[in-house]
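Here's a quick tour of a predicted model, written for someone who likes to know the cut-offs behind the words. Have the viewer open as you read.

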Amino acid sequence: MSVATKNGHTPKANDFVTEHWKQHGKEIQKYGDVVKDLPHPLDADIRSQMCKKLNQLLADSIALRDMYKKHHWQVAGPTFYQLHLLFDKHFDEQVEIVDTIAERIQLLGGVTIAMGGDVAEVTKIPRPPAAAKRSPSRSPASSKPTSSSCSSATRSPKPPTRPATTAPTTS
Ligand SMILES: [Fe+2]
């Protein structure tokens, strides 16, 4: 039997999308609570304290992870290519760290912090400006971006410039 939604739309019998689109799942665990009857050697109070601290660490790690991506995208200047790759490498490593912390919280019976808005409220990492900023160490003459996209850097890798070296003479 089809039931009309709030806006008066009556979904068809084979419409598996409309009926469920605006449904909300029932809350089964509040953020900050831990599962009490978990078969775990640590008491619920201890697990609760651990989850609270791990969630702080998780929020800070998520903020750092996203900051690495921000700078991966926005870095500019003569060292663009090297920093672009470096920041993405750190981002990938931060993703692993975030996942490890989050899964530890869940195994302790807690609820992980996950969404950006919640992370922003909890993290102690200062929020960077939304704007792209020039590095304070860069001189005005070299402030022109050399590249601004991932694909151009990937397609035309520029080897790092090395100072000319002279081979030692052995005579
Ligand atoms: Fe990228």
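What follows goes from the overall fold to the helices, the core and the confidence.

First, the ground rules. Residues are numbered from 1 along each chain as its sequence is written. This is a predicted model, so local features need pLDDT of at least 70 and side-chain atom pairs count only at pLDDT 80 or more, while totals for chains, interfaces and linings use all residues.

**Overall fold**

The chain has five helices and zero strands, running α-α-α-α-α from the N terminus. Helices (H or I, at least four residues) and strands (E, at least two) are DSSP runs, numbered from the N terminus. Of the 171 residues in the chain, 13% are buried. Buried means 20 or more other C-beta atoms within 10 Å of a residue's own; exposed means 12 or fewer, partly exposed is in between, and C-beta atoms are placed from the backbone. Two residues are in contact if those backbone-placed C-beta atoms lie within 7 Å. Among contacts between residues at least 6 apart in sequence, 68% join residues at least 24 apart.

**Two helices, side by side**

The expected span in the table is 1.5 Å times one less than the number of residues.

| Helix | Residues | Expected span | C-alpha end to end |
|---|---|---|---|
| H3 | 28 residues | 40 Å | 40 Å |

H2 has a list of buried residues that includes Arg47, Cys51, Asn55, Arg65 and His71. The buried residues of H2 pack against H3 and helix H4 (116–122). On H3, the buried residues are His84, Val98, Ile101 and Ile105. Just after H3, Gly109 takes a positive phi of about 90°.

**The core**

A nonpolar core here is a set of buried Ala, Val, Leu, Ile, Met, Phe, Trp, Tyr and Cys residues joined through C-beta atoms within 7 Å. Which residues touch the most other members of the largest one? Of its 13 residues, they are Leu58, Ala59, Ile62 and Ile105. H2 (44–74) and H3 (80–107) each supply at least two residues of this core, and the largest share, six residues, comes from H2. Beyond four places in sequence, Leu58 is in contact with Val98, Ile101, Ala102, Ile105, Thr112 and Ile113.

**Confidence**

pLDDT is the predictor's confidence in each residue, from 0 to 100. The chain's mean is 81, and 67% of its residues reach 70 or more. Over residues 148–160 pLDDT stays under 50, with seven contacts beyond four places in sequence. Residues 162–171 also stay under 50, with zero such contacts. Where pLDDT is low, the predicted coordinates should not be read in detail.
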